[in-house]
Amino acid sequence: MDLSLISILFVILAVISIFSALMLITRKNPVTSALYLILNFFTVSGIYLLLKAQFIAIIQVMVYMGAIMVLFLFVIMLLNLRDEKNLTESFSFKKLTSVLLSITFFVLIGTTFYFGFSNINPSRQGVEEKTVEIGKATFLGEKLFTEFAMPVLIAGILLLVAIIGAVVLAKKKFDPVSPDKE
Amino acid sequence: MTVNWIEILITVIKILLVQIILLTGVAYTVYTERRVSAFIQNRIGPNRVGPAGLLQPIVDVVKLLMKEDIVPNQANRFIHSLAPAISVGVALCTVAVIPFGDKIILFGREIKLQIASVNIGVLYILALVSLGVYGITLSGWSSNSKYSLLGGLRASAQMISYELSMGLSLLGIVLINGTFELDTIVLNQYGWKWNIILQPIGFITFLVAAFAETNRTPFDLPEAEQELVGGYHTEYSSMKFALFFLAEYANVIVSACIITTLYLGGWQFPYLQTFGISPMIMSILQILTFLIKAIFVVLFFIWIRWTIPRFRYDQLMSLGWKIMLPASLLNLVVTSIIVLLLKYN
Amino acid sequence: MLSSQDVKYLYPFILLIVLSVVTLFLDLFTKQNKKIVSGFSMLTIAAVIASLFYILINDPEIARTQEILHSYLRINRYTIAFSVLSMLGIFITFLASKNYLKKQDINFGEFYYIILFSAAGMLTMLYANDLLVIFIGLELMSVSFYILAGLMRRRLKSNESALKYFLLGAFITGFILLGISLMYGTGLTKGIENPLNLTAIKSNPNFLFNPYFLVGFALFLIGFFFKIGLFPFQMWIPDVYDGAPTVVSGMMSTSGKIAAAGTLAPIIIIMHPSDLTLMFSVIAVLTMVIGNVVALVQNNLKRLLAYSSIASAGYLLVGITSMNIHTLDAVTFYLLAYTFMQLGSFLIVSHFEGKTADGKDFSNIDIGYYKGLAKRSPVFTVIFTIYLFSLAGIPPLAGFWGKYYLFYAAIKANLIWLSVVAILMSVVSVYYYLRIIVYMWFMDSKTEIPEEKNYLKGNMLFFAANVVCVLGTLVFGFYPQLLFEMFKLIQKII
């Protein structure tokens, strides 16, 4: 594979990704939105593949498309949401302010990047090899369970807390111990 | 690097061959299932079209193609058509990483009997399995019928629950082999070292999870006829229905291939190398070994379907979360301890 | 992989994580009796504090920053000081919360071990020498807080609080991650081995002139400003603190803020973004103005304290903006004083708080309820008055010295105008703190509320917590040097 093929693939994936992201936030039907989000995840995982990060790409598919989005769809279907009607609400001052503020924010970041671009002379040396390594599951596993063991442990506790939290907030019968029992 | 056209041509031929075999396999799995079920229920089964009814599948396909394609009034047309496509696509894609044999030498060129040898093969299988839920869920939702919706919801809940134990039981194999590559996993299963012997608990949990993932009895709640008419494909007819049918049986065959590859030694014929036969015959023998093992697993699938009754929904869930998950976790922990001990001794 | 050197510094971590998991199992096996769980979790925190002090006393090496675990973590005296402070806040909360939890029907074991897990997050943040580790710690802390805020599942306000906190927090997580990834990408293209490491950043001071890095840093700062509650990311604070269980609000506003500020201040000292001084100053001024001015018209005490905590965040930023050798000392002292007075005030509010007849809302948290409190419950009135005086910055209480050190640091950094604004705003704040005092001492309640007798009975632990807070406010008020001597901090102001 030569570089140009990768570039062409990247452009195609990026365009689909942006398109699906836009469709995601503009569709009124929640299920359609969710489907566009899935498409978006798919293209992003394609981009990971182009970066030679197979492991991360497949994890993206498994975790986001295979687990999270299925639950999303599940909930949307159970709730049987109708089309969002209030989206086309009339003009309000609040909305104008938020739109203006976010435009300002993007313009600020954009100009910084644009004018800062001349400052950057990227040295791609070493970066390429590093990305190839990062794509491999063995490399990631070795790093995560030796050097990064402590952060991985903390991340595990984070997930544990999230599970406990889901149970605490969602369990049906959860009456506290009455004072006389204690 | 320039694009190697011959490599691409070989890959295309491999894909075509495998898919043709798979699709024919699907047709005759359906036939076999009907014959076996008839045998189990003391009936005769299809025996009119062709000798012993062997042409029945082709007639069935023609019949389905000629039927009217009905889309319910209130249905979401696009998603309604998309859903069976997803189901079939996922089922057919999974074959890509399965090794059917070792390298074969044809026309002076070494060819791997595997469409794509990726270094994340096991994960690829898991990822595609997890995508298979979409076809069923979306078909259930888009049909706009309560039976379909219930079937779709049941299916997604069931598949998500069993995916966990499936992945965890696979991890045992990954631990033993230290790789995600399926061809290496098969290579390591030489002699008596089949993973079914090294990983008995993992094999059982994986097998049960595979039944649940393919929505076969005793886990066929998504299409429980008595309660849900037909489940997620109630509102489908003609070729779209046929696609779901195709996907189901393709999934059965693919699961059989995966089980063969991962646990039954793949194309390994124990101690074949010691016989001293020519490499060409050895390759053919390997492919035959693989096929026979896979056919055996498919027959096992059919046998189970016609002998074991369906679970109740709560039984299904408690089996998944309270038995399968702890069992596969235990398997994982024990395996990792043993692997660690063997490594440091 | 793990040298004994590293393990020595990791004892607090190991203790906390192991014991909090043990607490989880204790709760599982002692279904009925929550006393064991609460006692054990207090013990856990006490053990962590003890081990922190053990490191402090026995290890002279930590006078300089020691890097541990492949320099993903670091430890110095400030790390220990901040860790001790945040653990102290949690300890006081545990002491005081039992009666409140029973009263509000949320006496779950989950309360205890989720707080313990959030403590693990705080320690991670404070120890971290790597932006990604900071992020993980921050998430652990925040996720625990989301759950704690929504612990009263039958209350609409609590649900609102948890949902608001969660949605905004999740959004802010995106900002932090985007910022970190920009910083990482910039560093990697510049050929730096591990660009998220603070040490690596420190050794490349011209990093900050890189626009990509600067934008990344700004996004990272947005995340932390949100967690500390600085303008314009302060609007969640009143709603969340109002809806969450009061003891939890107290804990979030002290321990949580200590962890966030104690992480941010060293980062800013290390990066030393002197170009951003003006931005920081403007944010500090706006935060103080918003917090103090809006607090003037609050009648709900929980909201009032929430706004006062916004104002405090503004004072903290005044200190951080100075970015000189006094900064960390001043921040440490202020956070210490703040723990005692802010947490104490929340505890007092929690003591008088009730619930409405249908059990769907809080009651008795309006300032009207506090009319004539001096006659009904003189002891708690005196205690509350001490906290409020300290919050208002009346000498010689700890709150005064806290503000003094912060403004002193700012003056030393030639930010005289900023200090003047801060002092003026601090004067404004006296109004609303004194208003509560006037209500308590000089006004009579029209409705009859029975006198509170036997305030000690069944309330010993709560009372002990208040004694700790009062003692802290007084002792550090009269002898502020004690903190610096206790933690052997290098800098001694004055």
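Q: Which residues touch the most other members of the largest nonpolar core?
A: A119(C), A120(C), L140(C), Y334(C) and A337(C), in a core of 186 residues. Just so you know, this is a predicted model, where local features need pLDDT of at least 70 and side-chain atom pairs count only at pLDDT 80 or more, while totals for chains, interfaces and linings use all residues. Residues are numbered from 1 along each chain as its sequence is written, and chains are lettered from A and ligands numbered from 1 in the order in which they are written.

Q: What makes a set of residues a nonpolar core?
A: Its members are buried Ala, Val, Leu, Ile, Met, Phe, Trp, Tyr and Cys residues joined through C-beta atoms within 7 Å. Buried means that 20 or more other C-beta atoms, placed from the backbone, lie within 10 Å of the residue's own. L140(C) belongs to the core of 186 residues, so L140(C) meets that definition.

Q: Which helix gives the most to this core?
A: Helix α13 of chain C (residues 327-352), with 17 residues; a helix here is a DSSP run of H or I with at least four residues.

Q: How many residues of chain A are in contact with chain B?
A: 17, facing 18 residues of chain B; contact means C-beta atoms, placed from the backbone, within 7 Å. Helix α3 (residues 54-79) of chain A supplies 13 residues to chain A's side, the most of any element.

Q: What classes do the residues on that side of chain A fall into?
A: There are 14 nonpolar, two polar and one charged.

Terms used:
Contact = placed C-beta atoms within 7 Å. Helix = DSSP H or I, 4+ residues; strand = E, 2+ residues; numbered from the N terminus. Nonpolar A, V, L, I, M, F, W, Y, C, P; charged D, E, K, R; others polar. Buried ≥ 20, exposed ≤ 12 C-beta atoms within 10 Å, placed from the backbone.
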